[in-house]
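Trainee: I would like to learn how to read a fold and its core from a model. Where do we begin?

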Amino acid sequence: MNFFPEVSQEETPISEPEKPKKRGRKKKEEREQWLKEQAELEAAKTIFEKTLDQLVDYSYEEIEAEIPLDPSWGTKKNTDNKKFFWYGYRGHLAVDCESQYILLALFSSAHVNDGKMSIPLLKGLAKRHPYLNIEYVLADAGYDFKAVYKQIKRIGARPLIDYNRKNEAEIEGKDKYFRPVCKEGHSYVYDSFDEKYESLKYT
């Protein structure tokens, strides 16, 4: 009596393991094809799918025309540092600190963050209020991005923005207030601002 099952003669051939791909530079043809694909993907992106740095080079009209306006889920932290969610839209306002007048208001889908909408707000201020002398732009840590500083400088103003430690690395040779520190660890004292070189002086 045979207790072992009969094995079919037509067995599936054992496939050879795939050779690992060689690391290193791609061939010229492969790299050209990859660059072409990346360029096509970049060209297919909408303005709001691009990075904040890329947004700076678009005009106010181009950005305003592509602001997402469909209702979506948004999230934000309240004063107790707790997240809350809502479905709908988000309002973005530029308000004059002295008069409290709303100088410009833009609306977007709830998922669009404040940092990205700051660029059209700043561009819109310069466009709609060409004779307004904007000296400073006051904003919270949600606007602490290099592109925002760049756009503020373009409209001839100075930024007063809260520092966001999540966006920045620790700076060597500076204390927690960004003052230079001497070899013995003592912080320098602020002296003045140099208009010509746009730099701070410390003593």
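Predicted model: local features only at pLDDT ≥ 70, side-chain atom pairs only at ≥ 80, totals over all residues.

Trainee: How many helices and strands does the chain have?

Mentor: There are five helices and seven strands. Their order along the sequence is α-α-α-β-β-β-α-β-α-β-β-β.

Trainee: What share of the residues counts as buried?

Mentor: Of 203 residues, 24% are buried. The chain exposes about 16900 Å², and carbon and sulfur atoms supply 53% of that area. Among contacts with a separation of 6 or more, 37% join residues 24 or more positions apart.

Trainee: Which residues have the most contacts inside the largest nonpolar core?

Mentor: The general idea is that nonpolar side chains tend to be buried together in soluble globular proteins. Here the largest nonpolar core has 27 residues, and Phe-48, Ile-119, Val-137, Val-148 and Ile-152 have the most contacts inside it. At least two residues each come from α2, α3, β3, α4, β4 and α5. Helix α4 gives the most, with five residues.

Trainee: What does Phe-48 touch, leaving out residues up to four places away in sequence?

Mentor: Phe-48 touches Ile-63, Glu-66, Ile-67, Pro-68, Val-112, Lys-116 and Met-117.

Trainee: Why is Lys-150 classed as partly exposed?

Mentor: The class rests on relative accessible area: buried is under 20%, exposed is over 50%, and partly exposed lies in between. Lys-150 has 42%, so this residue is partly exposed. Lys-150 sits in helix α5, residues 146-154. Its C-alpha atom is 9.7 Å from that of Ile-119, 31 residues apart along the chain.

Note on methods. Residues numbered from 1 in each chain as written. Heavy atoms only, no water. Helix = DSSP H or I, 4+ residues; strand = E, 2+ residues; numbered from the N terminus. Buried < 20%, exposed > 50% of the residue type's maximum accessible area, 1.4 Å probe, protein only. Contact = heavy atoms within 4.5 Å. Areas by Shrake-Rupley, 256 points an atom, 1.4 Å probe, with all protein chains shown as cover. Core = buried A, V, L, I, M, F, W, Y, C linked by side-chain atoms within 4.5 Å.
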